[in-house]
Amino acid sequence: MNAPTVVRLRRNPRQLAAEAESRLHQAIDAAREALLKLQKPDGEWCFEFEADCTIPAEYILMMHFMDEIDEPLQAKIATFIRAQQVLDGPDGGHGGWPQYRNYDRPGAIDLSCTVKSYYALKCAGDDEDAPHMVRARAAILALGGAAKANVFTRILLAMFQQVPWTAAPYVPVEIVLFPRWFPFEIYKVATWARAVMVPLFVLCSLKATAKNPRGVQIAELFVRPPEQETQWFRNDTLFAKVFLGLDKFGRTMDRFAPKKLRELAIKRAENWFVARLNGEDGINGIFPAMVNAYEALALLGYPAEHPLRATCLKSIQKLIQFTPEGSAYVQPCLSPTWDTGWAMMALLHADSPDGSSRAKTREALKRAENWLRPRQILDHVGDWIESAPDKTLRPGGWAFQYWNEYYPDLDDTAVVAGVMHLVGREPNGSNHNDEAVSRAAEWLLGLQSKNGGFGAYDADNTHYWINEIPFADHKAMLDPPTEDVTGRVLAYLGVLKRPQDRPAINRAIRYLKKAQQPDGSWWGRWGTNYIYGTWSALAGLALVGEKPDAPYIARAIRYLESKQNPDGGWGETNDTYLDPKLSGTMPRPGPNGGELISTPNSTAWALLALMAVHGVEHPAVAAGIDWLIANQHSEGRHEGLWHDPGHNAPGFPRVFYMKYYGYDAYFPLWALARYRQLRGRRATA
């Protein structure tokens, strides 16, 4: 019998191109519809926002501090914390809790997070002899015990009477009385540190004691009894030794402090943080500051039913996120302004070529625009005025959260004002958002730092010595200018195209040139990491007219080329904040050297950077687009979108990391839509 004849149908290039075009349209349509479905009725987008287990653990500990224990909620949070413990893996798992996940692989153990998670679970009723608690305890002791945890953990343990107050730094509330010219005062630290510290000064000065109604102790987490510990702080530098001497002197003199001065300082601190409680959106919109304020209000005698205390509790409760699996975690803050601005940016480019989606998309954009417009802060002068060179600078920014009038930020303002400018354009050349975007530009330019860069909240927050004091062992006390925020402001100014902004633009360009890494990349302060920073810088530089063949731009492009993975995508691990040699990569250990992991957000950022400079002409772009299309979810919870379970941004590099769930939605869509848009322009040119 003759073998059957196999007929191979060869498709011509035109057919292949048509199929690729169809896949691109389908991917964009699916992602656009998925993103539109996630818009809330009032016009905003607000995605989940996850940190590490420090935050949910602190929520349980707050309930025990106050003796306000919600048993069902505690059980759900405890379930979530248990699920994040690393009990398996190639090396058997480290037994503790990490600061972050890299895609599907947990990071290294973090001692402070593990101590808090263990204590929270024990408060929730977990037996210290349960297998998971035994593993965690062994991991803690192997790292030197709870005595080696960070300063904020030891302050919490001091309030729970697990360590003496000598384990915590001496931070008298009188600090709030220090004048602006003093070397250390509250406006010399970042906004987040300020909002956390002022109520914390009250708690520490009054030596707050947790109610701890069940008397839960964790003596088993110490290598030696805490009262026998003699070295709670590092003293390896002259600077540290000087501050430890001042710390010792302050403790000795504290008993002699005039009572009236202490009372004045406590009242000044109380007035300061009460003015910034910010209703149900919370002080600075961040969990640690809210908890400190809530506990300080109770310590200062505010009863549970007092409107300020009750509202403060509501602001904390609004951060609780229930999961489909039946557990719950606590978000570090909420991100509606940030999410809404980027979602709008993606949708602006995502209309179908035949116009069939235009009405639906435009209606969604209009609702989002109407939601954002009244959230511009126009009438309240916040803490930023303390660092502004011009003390007559008018407010004009947006905040990251629903409302945060004392603390608008430059990154959100640049994104939102930029997209408001784009959606406000009228056919006759006018712009119905001109007043809002001009006011935003005025505010942003008024907070440019002396070196030409832009920080997140303040100008010239560059008192670097503060990060060296023993209290600042997390080294996150400052908000200096950064490459990513500077790139974002440049992008906004590039969209505006105002001649009067050129001097500020030139100063920012000089800053970015100086900040560029030797390999051509830029560091990412607010997103992981060098890919994010490089996209942020290149996007801004391209929009203000920097030439693609400029040597420093070409170096950045070569950097991105060199980091593209064999599968066409890009990925980057949070480990790069510890080991810059890993820059632009996410290696997964395994046989034959393992593999390099690509993720949706890193791939989108790299593509947006390449297209900002070279359009669709760059040869790496097509492979990246193919990766995004191939890795889009076609069913299930993430249908039409992408999913990377890992953390994708640092709150504070090396200390605290976050997972923006929205990054799996709007950035890949924007990259695909921008690719189609640019390719269409080329075809019609």
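K207 sits in the loop that runs between α7 (191-205) and α8, and in this predicted model K207 has a positive phi of about 45° although K207 is not a glycine. N212 is also placed in the loop between α7 and α8, and N212 likewise is not a glycine but has a positive phi, here of about 40°.

- L238 belongs to helix α8, which covers residues 238-254, and L238 is exposed, with a relative accessible area of 67%.
- Together with V242 and L246, L238 makes a nonpolar surface patch of about 310 Å².

- Leaving aside residues up to four places away in sequence, Y59 touches L73, I77, F287, I316, Q317, I320 and V330.

- Two packed helices are described by the angle between their axes and by the distance between the axes.
- Helix α16 (residues 483-496) and helix α17 (residues 502-515) have axes that come within 10 Å and cross at roughly 150°, and the crossing of α16 and α17 is left-handed.
- On the side of α16, the residues that take part in the contact are E483, T486, L490 and L493, and in α17 they meet I505, A508, I509, Y511, L512 and A515.

**Salt bridges**

- Side chains of opposite charge can pair when their charged atoms come close, and the structure holds 36 salt bridges.
- One of the salt bridges joins the side chains of K318 and D281, with a distance of 3.8 Å from N to O. This pair links distant parts of the chain, for K318 is in the loop between α11 (307-317) and β4 (320-322), while D281 is in the loop between α9 (259-275) and α10 (287-299), and the two are 37 residues apart. K318 counts as partly exposed, at 38% relative accessibility.
- R394 and E442 form a salt bridge in which the closest N and O atoms are 2.7 Å apart. R394 lies in the loop between α13 (358-372) and α14 (410-423) and E442 lies in helix α15 (residues 434-445), so the pair ties together parts that are 48 residues apart in sequence. R394 is partly exposed at 41% relative accessibility, and E442 is partly exposed too, with a relative accessible area of 28%.
- K581 forms a salt bridge with D579, and the closest N and O atoms of this pair are 3.2 Å apart. K581 is exposed, with a relative accessible area of 72%, whereas D579 counts as partly exposed, at 25% relative accessibility.
- A network of salt bridges links D29, R32, E33 and K360.

Notes: Residues are numbered from 1 along each chain as its sequence is written. This is a predicted model: local features need pLDDT of at least 70, side-chain atom pairs count only at pLDDT 80 or more; totals for chains, interfaces and linings use all residues. Side-chain values use heavy atoms; hydrogens and water are left out. Patches are made of residues with over 30% relative accessible area and no salt bridge: like charges are joined within 9 Å, nonpolar side chains (Val, Leu, Ile, Met, Phe, Trp, Tyr) within 5 Å. Accessible areas come from the Shrake-Rupley method with a 1.4 Å probe; for residues, only the protein chains shown count as cover. A salt bridge is a side-chain nitrogen of Lys or Arg within 4 Å of a carboxyl oxygen of Asp or Glu. Helices (H or I, at least four residues) and strands (E, at least two) are DSSP runs, numbered from the N terminus. Buried means under 20% relative accessible area, exposed over 50%, partly exposed in between (1.4 Å probe, protein chains only). Axes are lines fitted to C-alpha atoms, for helices over the stretch in contact, and angles run from 0 to 180 degrees between N-to-C directions. A crossing is left-handed if the near helix is turned anticlockwise from the far one by less than a right angle, and right-handed if clockwise. Contact means heavy atoms within 4.5 Å.
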